[in-house]
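Subject: Structure handover

Hello,

Here is the structure for your files. Please open it alongside this note.

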Amino acid sequence: MKRFWLTLKAAWRTKELRKKILFTGLILVIFRLCAHLPVPGVDSQALKALFSGSQLLGLLDIFSGGTLANFSIMALGVYPYINASIIFQLLTIALPKFEALSKEGEYGREKINFYTRLLTFPLASFQALGMYFLLNSQGILPPLPWFNLLALVLTMSAGTLFLMWLGELVSEHGIGNGISLIIFAGIVGRLPVALGQTLSILDPSQLFNTVIFAVMAIAVIVAIVVVNEAERRIKIQYSRRQIGRRTVSGQSTYLPLKINQAGVIPIIFAVSLVLLPSMVGNFLTNIDQPAISQAARDLVRFFSPGSLLYNVFYFLLVLGFTYFYTAVIFNPQKIADQIKKNGGFIPGIRPGQSTIEYLDRIINRLTLVGALFLGLVAILPSLAQAITGVTTMTIGGTGILIVVSVILETSRQVEAQLVMRNYESLLK
């Protein structure tokens, strides 16, 4: 954290970076103002009661950037855009056409971004429709005629597109990744509310539990920083090469493999699936068939946040998606071929198949540690509330993971820009 503030201080002294920081702050202020523009016709008190009693909806509110609890015009947040980005990232691996497009430099990236924006709108519309049916089943939204329902869906989808545009403005003209910073701003914006709720209901008998909760939060932050920064370095030795008339002596470098290769993507995937049983159950609860209605209530009870089945299912989903996504983004065969093509080798390991098997073995072990860590972070709110009894601090480990990851990534980007400007000043 000290390093982050020192980097920010140095960036503020640089005129160009100071303009980018101010621009980023302006966009985030606009986002927070729009996040409080509610969609008309919503029972706000019933909505707050629904979100206060559901950790799962609280987690979705995190990914929406803090707008879902208000049911604002940006209630869907950037979640549809994130889903569209993940879909096209998987398509670049699965389909040769998109893989070739991703290798065409700036033109290819622009085309994939264009397709991602196109896919965001139908995903947002579908999610808005699902959100309407969920809130309608809870009595928070009244039944709407088709024209009003269409207007609601279009308004929420337009809010997502506007939020996506703000994020792209930050990425292009500001500091850091715009989408990540918008989610970061939503989480941080909820902190004072959650802290105020905790202090308002705090009594002397819960003081000890609150202290334990604070100690757990600090321990989680430290663990997230350690895991995010931890990496396994594999030494790569390059043999002596002849370049023209010069003989370049052998050099050695390192291939850094992070413990958490997948970031928060597995949790985003897992949330999408762990939400399905509760949503289906809530939708079927009001059906006029007693057997189906009772089965739906049982399904909601079994998969309610905090239950054993919910936490086990959530934990296993995070583990499975961590391995899946790591396998998508890390290809040992491609890396081994690239090392061999550049005349390199891992000391003690033969090039070719042996290198592939060695890298595959290392990444599987690292992924196991990262997957267990992400799984524990995902179910941390339930564990913390069961241990301490503090139920108002619903941000949880996933929110902390996002906040810490965004701070570290933004700090690295600012440091890179400072280094680049120092080099430019030396060349002048």
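Below is what was found in it, from the whole chain down to single residues.

First, the ground rules. This is a predicted model: local features need pLDDT of at least 70, side-chain atom pairs count only at pLDDT 80 or more, and totals for chains, interfaces and linings use all residues. Residues are numbered from 1 along each chain as its sequence is written, and side-chain values use heavy atoms, with hydrogens and water left out.

Overall picture. The protein has 16 helices and five strands. These are DSSP runs, numbered from the N terminus: helices are H or I with at least four residues, strands are E with at least two. Of the 428 residues, 42% count as buried (under 20% relative accessible area, 1.4 Å probe, protein chains only). Contact means heavy atoms within 4.5 Å. Among contacts with a separation of 6 or more, 73% are between residues 24 or more positions apart.

H5 and H13. Helix H5 (residues 79-94) packs on helix H13 (residues 308-329) at about 55°, with the axes 10 Å apart. Axes are lines fitted to C-alpha atoms over the stretch in contact, and angles run from 0 to 180 degrees between N-to-C directions. From H5, the contact uses Gln89, Leu90 and Ile93; from H13, it uses Phe324, Tyr325, Val328 and Ile329.

H14. In this helix (residues 332-341), the buried residues are Pro332, Ala336 and Ile339. They sit on the same side of H14 because they cover an arc of only 60° around the axis, taken from the directions from the helix axis to the C-beta atoms. In general, an α-helix has 3.6 residues a turn, so residues three or four places apart point the same way. Asparagine 331 caps the N-terminal end of H14, with a side-chain oxygen 3.1 Å from the backbone nitrogen of glutamine 333. Just after H14, glycine 343 has a positive phi of about 80°.

Valine 153 lies in helix H8 (residues 146-173). Its relative accessible area is 10%. Beyond four places in sequence, valine 153 contacts Ser125, Ala128 and Leu129. Serine 125 is 28 residues from valine 153 in sequence, yet 5.7 Å away, C-alpha to C-alpha.

Asparagine 260 is in the loop between strand E4 (252-258) and helix H11 (265-284). Asparagine 260 is buried, at 9% relative accessible area. Residues up to four places away aside, asparagine 260 touches Val227, Asn228 and Leu374.

Best wishes

Key
Buried means under 20% relative accessible area, exposed over 50%, partly exposed in between (1.4 Å probe, protein chains only). A polar contact is a pair of N or O atoms within 3.5 Å; within protein, one must be able to donate a hydrogen and the other to accept it, and residues adjacent in sequence count only if both atoms are side-chain atoms.
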